[in-house]
Amino acid sequence: MNTPEHFLISVSDDEIDKLKRKLSDADFPDELDTSTQWPYGSPLSDIKRLAKHWETKFSWREAEAQINHLPNFRQRVTVDGFDPLDIHFVWQENQNPNAIPLLFVHGWPGSFIEVTKLLPLLKERERNGGPAFHVVAPSLPNFGFSSRVAKPGFALSQYAETCHRLMQQLGYDKYVTQGGDWGFFITRIMGVLYPESVLASHINMVRAQPPSFASQPALALQHAVTPYTEAEQKGMERSDWFLDQGQAYRMLQATKPQTLSYAFADSPVALLAWIYEKLVDWTDSYPWTDDEILTWVSIYWFSTSGPNAHVRIYYEAQHNPTEKVPTRARASEWIDGVKLGLAHFPKELTPVPRIWGQTLGPVVLESTHDKGGHFAAWERPDAIVKDLRDMFGKGGRCYKLIPGRSGY
């Protein structure tokens, strides 16, 4: 077993100076003369303000120092058919010998940074009688400070393999997971491929279909006679909005990612506008500060893989079927054996009725929240931590799920 090494993020002064030069020289588009700019995308006034702040006031060195206060590590991981990858991860180990290994998997346009609000809350809960966790939060390959994948075919199975092998190399043969966005798809596929290790998953993006009489007749009958609640109806309206008005990015990134990459590789303003739109549209009126936004975007700009590699996950996941994972829709089908916790938030991209979630697997915990969106670990870390407490703590249906690891 390779020993993980401590890792410090250190962006060169030259790279920071280059960013500032590009921002200083940036050209901006025009926009229509209307008081309502958001239907067209990121408003010009917002992007100009953020770009100027990025150039003149935002301190990457301060953000970098805060990140380096985290327990950052790097581990060499080998995935079948690919060159070895250096995986960056945050690893909050716990001195409790019964602590539960918890893998946190981010999505797009998030990063490992999303786990940082969970770490102190989990410790606080533990001090107040909650379960103890070892938390592992990697930068996925092509994201953050992990390696770039240099050849085609690195799809959901390979992302799952990366995360699983990382956990194994850290000594966690059995573990639980938490994730949303690509974290939903990856942790679910881990349950398909490694059911002997992935004993439970908590998800905050519930991608599911209505139950069918062919596969789940009892659940389908219940669905047929149970009216949707007002909140569920609003959730389906949100889903309709996303499918009609909000998913062009996904179609581009899943079909011609290289063409889009030229904008991201050359222009920090293009990257900023692309990500900023999602940070606003996908949250529930979250009060982003300029420094928060620019920290998120800077992690992409200064990524070890470069500022464009991240979009390839969409193409690879769509174009590389396997027997066990024929499409990414496999993540939205029944997975047996992996106990499941579901968190429903009203401003998720595609909120689904609660009964749809029952089609995913053996649900042991379900929570519904009146506020929160796509980046739940960042917007509502309190809700995620409470779910983990209720799921794995005393009285929870996953209490003492992992032999010898009660969490207390």
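Tutor: Before we start, a word on labels: helices (H or I, at least four residues) and strands (E, at least two) are DSSP runs, numbered from the N terminus. Keep in mind that this is a predicted model.

Student: Okay, let me try the labels on a loop. Where is Pro109 placed?

Tutor: Pro109 sits in the loop between β4 (100-105) and α4 (118-127). Check its backbone while you're there: the peptide bond from Trp108 to Pro109 is cis, with omega near 0°.

Student: And what is the phi of Asn142?

Tutor: Phi of Asn142 is near 75°, a positive value in a residue other than glycine. You'll find Asn142 in the loop between β5 (133-138) and α5 (156-169).

Student: Now helix packing. How are two packed helices described?

Tutor: By the angle between their axes and the distance between the axes. Take α11 (residues 268-281) and α12 (residues 290-301): they pack at an angle of about 130°, with their axes 10 Å apart. That angle makes α11 oblique to α12. The crossing of α11 past α12 is right-handed.

Student: Which residues of α11 and α12 meet?

Tutor: From α11 you have Pro268, Leu271, Leu272, Ile275, Tyr276 and Leu279, and they meet Ile293, Leu294, Trp296, Val297, Tyr300 and Trp301 of α12. Sorted by class, the contact of α11 with α12 has twelve nonpolar residues, no polar and no charged ones.

Student: At what angle do α9 and α13 pack?

Tutor: Helix α9 (residues 248-255) packs on helix α13 (residues 312-319) at about 70°, with the axes 6 Å apart. So α9 is roughly perpendicular to α13. On the α9 side, Tyr249, Arg250, Gln253, Ala254 and Thr255 make the contact, and on the α13 side, Tyr314, Tyr315, Gln318 and His319 do. This contact of α9 with α13 divides into four nonpolar residues, four polar and one charged.

Student: Tyr314 is in that contact. Which residues does UniProt give as "active site"?

Tutor: The unreviewed UniProt entry places that feature at Asp181, Tyr314 and His374. From this set, Asp181 and His374 are in the lining of the largest cavity. As for Asp181, look in the loop between β6 (175-179) and α6 (182-193).

Student: Last one: which residues does the UniProt domain annotation cover?

Tutor: In the unreviewed entry, "domain: Epoxide hydrolase N-terminal" covers residues 5-115. In the model, that span is 31% helix and 20% strand, and its end C-alpha atoms lie 20 Å apart.

Technical notes
Residues numbered from 1 in each chain as written. Predicted model: local features only at pLDDT ≥ 70, side-chain atom pairs only at ≥ 80, totals over all residues. Heavy atoms only, no water. Axes fitted to C-alpha atoms, helices over the stretch in contact; angles between N-to-C directions. Parallel < 35°, antiparallel > 145°, perpendicular 65-115°, else oblique. Left-handed = near helix turned anticlockwise from the far one by under 90°. Contact = heavy atoms within 4.5 Å. Nonpolar A, V, L, I, M, F, W, Y, C, P; charged D, E, K, R; others polar. UniProt positions renumbered as here; feature names shortened; annotations may be inferred. 1 Å grid on protein atoms, 1.4 Å probe; cavity = no way out; pocket = protein on both sides within 12 Å on 5 of 7 lines; lining within 4 Å.
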